[in-house]
Amino acid sequence: RSTSGSAGHRMRSVLAVAEISLTLVLLVGAGLLGRSFAALVDVDPGFRPQNLAALQVYIYVRYQTPKAWVAYFEDALEHLRATPGVESAAVSSTAPFVPSSVTNSLPIVVEGQPAPAPGQEPTAARGIASGDYFRTLGVPLLRGRTFTPFDDMDAPRVAVINDSMARRYWPGQDPVGRMFSLVQRKPVTYEVIGVVGDVRATGLDTGPQPEFFESHAQNPSGGMIFVVRTRGDPVASMDAIKSAIWKTNPNQPFYSVSTVEERMDRSLGQQRFNLVLMTVFAGLALVLAAVGIYGVMSYAVAQRSHEIGIRVALGAQRRQIFRLVIGQGMALALAGLVLGVAGAAAVTRLLRQLLFGVQPYDPATFAAVTLLLAVVALVACWVPARRATKVDPMVALRYE
């Protein structure tokens, strides 16, 4: 009784319009997150993450001098390179997608440029690496050279910089042979010997920043990461890799052991969760919207069977009845779509921080979602419209 009459019919129609509007908003959000995730996965990280393992160690307890640190890592790398299945190996203080190895940007002074105001110094992140680090990662050498065994403590300080640092501080110039200094209590001056490609080391959605690397033989550290490239699955070679490192020190613990691909996949966890959550809600809303339109139109046909019978008895064609019912259903759908587009345009602004490579008002996403929802609404109206064309006027009039 509570759903009978014109007031009840209007309420059902309003609910159907609201369902369509909400569904469009959710579908647009899911579509934007889907396109954003696809764009993120397609980003070039600047290196080859396949078949790459990263093992983090700290050797400060047993080895307490810089020379001992250099000797330990050189010996361990020799064992690694002789291990079957290992293509190349290196050590570095930082490695892509290893959060604990991320370094902050440090102030520098670029030789030949005006002295900046205090607090306005240019900055660059610093890393420490062995000579084979860039080759092991698969980072291209753009100019100059990387580290050699001659870049040791007795040689002048040298640095390999990334392309972002070259373009920012030496735009349109060849930075190889240029000098810059690290601002600290005792300034250190470096000569640029090479330029390598940019690496998205902290996330695929984070652009590369100026970065330079020192030779581990010149500025040793006891906390480093073994970066090992294998010829096959690095997981299958992990025991052999550990055994090779333990030949130098059998008691050396590992603080982090993983493949770089695993780290990359883990870095996408939040974006993947957002996409799945929005897609599930959008899918449920789409089903509810289709059921809502179908229910409203089915009930309307049932309530108007007498009217439809009279129309047919007076000469109305079946196709006219079909168009009548479809038109009424699609009118509700159109109202919901218009309101939904307006709502989505307002709501998607809140997703701006979650999107990568796609704008909140992406026309292709809005158009595709609107078309999809219109097709679903048409299908939901189709069955009640077909049922209306089969109403027998004699049965309908006799029933009334």
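Residues are termed buried when their relative accessible area is under 20%, exposed when it is over 50% and partly exposed in between, as computed with a 1.4 Å probe on protein chains only. The structure is a predicted model, in which local features need a pLDDT of at least 70 and side-chain atom pairs count only at pLDDT 80 or more, whereas totals for chains, interfaces and linings use all residues. Residues are numbered from 1 along each chain as its sequence is written, and side-chain values use heavy atoms, with hydrogens and water left out.

Aromatic pairs were assigned to rings of Phe, Tyr and Trp (its six-membered ring) with centres within 6.5 Å, the planes being classed as stacked when under 30 degrees apart, edge-to-face when over 60 and tilted otherwise. By this rule the model holds 14 aromatic pairs. The pair of Tyr-72 and Phe-73 is edge-to-face, because the ring centres lie 5.1 Å apart with the planes at 80°, and both Tyr-72 and Phe-73 are buried. A tilted pair is formed by Tyr-190 and Phe-212, with 5.4 Å from centre to centre and 50° between the planes. Tyr-190 belongs to strand 8 (residues 188–196) and Phe-212 to strand 9 (residues 211–215), so that this pair ties together parts 22 residues apart in sequence; helices (H or I, at least four residues) and strands (E, at least two) are DSSP runs numbered from the N terminus. Tyr-190 is buried, at a relative accessible area of 0%, and Phe-212 likewise counts as buried at 0% relative accessibility. Ring pairs also join Tyr-63, Tyr-72, Phe-73 and Phe-226 into a cluster.

Ser-92, located in strand 2 (residues 86–92), is buried with a relative accessible area of 0%. Its side chain reaches the backbone oxygen of Thr-94 at 2.7 Å, and a polar atom of the Ser-92 side chain lies 3.1 Å from the backbone oxygen of Ile-128. With contact taken as heavy atoms within 4.5 Å, and residues up to four places away in sequence not counted, Ser-92 touches Ile-128, Ala-129, Tyr-133, Phe-213, Met-224 and Ile-225.

A nonpolar core is a set of buried Ala, Val, Leu, Ile, Met, Phe, Trp, Tyr and Cys residues joined through side-chain atoms within 4.5 Å. The largest such core comprises 66 residues, of which Phe-47, Tyr-133 and Phe-134 touch the most other members, and its largest share, 13 residues, comes from helix 1 (residues 5–41). Apart from this core lies another of 23 residues, including Leu-55, Val-91, Met-238 and Ile-241.

How values were computed: Polar contact = N/O pair within 3.5 Å; in protein donor to acceptor, adjacent residues only side chain to side chain.
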